[in-house]
Amino acid sequence: MISQPMSTERTTLERLLFEANLSLGQWSRAANVDFKTAKKAARGERIRPLKAYALLRVLSNALGRTVEQKDIPEWDVAS
């Protein structure tokens, strides 16, 4: 059986979290959002708008610049 190499390319969100020096756990705790929700966001699964706002606020504060939903193309935020 031949295994496929794992992709080493990071998503936009992974790059931003790395730049902000935040783990998923730190990010979710700082945003007061369940870890599962942060993990869903990281995987590109649908999350609620208020949760997305809280996560974006923490990311923006950690980076010292505004990060908007449109800046993370893999995000799926319910309307």
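In which helix is Thr-37 found? Thr-37 is found in helix α3. This is a predicted model: local features need pLDDT of at least 70, side-chain atom pairs count only at pLDDT 80 or more, and totals for chains, interfaces and linings use all residues. Residues are numbered from 1 along each chain as its sequence is written, and side-chain values use heavy atoms, with hydrogens and water left out.

**Overall layout**

- The protein chain holds four helices and two strands. Helices (H or I, at least four residues) and strands (E, at least two) are DSSP runs, numbered from the N terminus.
- From the N terminus on, the order of elements is α-α-α-β-α-β.
- Of the 79 residues in the protein chain, 34% are buried. Buried means under 20% relative accessible area, exposed over 50%, and partly exposed in between (1.4 Å probe, protein chains only).
- The protein chain exposes about 5,800 Å², and carbon and sulfur atoms supply 50% of it. Accessible areas come from the Shrake-Rupley method with a 1.4 Å probe; for residues, only the protein chains shown count as cover.
- Among contacts between residues at least 6 apart in sequence, 55% join residues at least 24 apart. Contact means heavy atoms within 4.5 Å.

**Helix α3**

- Helix α3 spans residues 35–43, and Thr-37, Ala-38 and Ala-41 are buried in it. Seen down the axis of α3, its buried residues fall within an arc of 100°, so they line one face of the helix. The arc is that of the directions from the helix axis to the C-beta atoms.
- An α-helix has 3.6 residues a turn, so residues three or four places apart point the same way.
- Lys-36 and Arg-43 are exposed, on the face of α3 turned away from its buried side.
- Cover for the buried residues of α3 includes α1 (12–19), α2 (24–30), β1 (46–47) and α4 (49–63).
- Thr-37 counts as buried because its relative accessibility is 17%. Not counting residues up to four places away in sequence, Thr-37 touches Ile-47 and Lys-51.
- Asp-34 caps the N-terminal end of α3, with a side-chain oxygen 2.9 Å from the backbone nitrogen of Lys-36.

**Nonpolar core**

- The largest nonpolar core has 22 residues. Those with the most contacts inside this core are Trp-27, Leu-55, Leu-59, Ile-72 and Trp-75. A nonpolar core is a set of buried Ala, Val, Leu, Ile, Met, Phe, Trp, Tyr and Cys residues joined through side-chain atoms within 4.5 Å.
- Two or more residues of this core come from each of α1, α3 and α4. Helix α4 gives the most, with seven residues.
- Leaving aside neighbours within four places in sequence, the contacts of Leu-55 include Trp-27, Ala-38, Ala-41, Ile-47 and Trp-75.

**Arg-46 and strand β1**

- Arg-46 lies in strand β1. Its C-alpha atom is separated by 5.3 Å from that of Val-77, 31 residues apart along the chain.
- Leaving aside neighbours within four places in sequence, Arg-46 is in contact with Lys-40, Asp-76 and Ala-78.
- The side chains of Arg-46 and Asp-76 are joined by a polar contact of 3.2 Å. A polar contact is a pair of N or O atoms within 3.5 Å; within protein, one must be able to donate a hydrogen and the other to accept it, and residues adjacent in sequence count only if both atoms are side-chain atoms.

**Positive phi in the loops**

- Asn-21 is found in the loop between α1 and α2. Asn-21 is not a glycine, yet has a positive phi of about 60°. Asn-21 is exposed, with a relative accessible area of 66%.
- Asn-32 is found in the loop between α2 and α3. Phi of Asn-32 is positive, near 55°. Asn-32 is exposed, with a relative accessible area of 71%.
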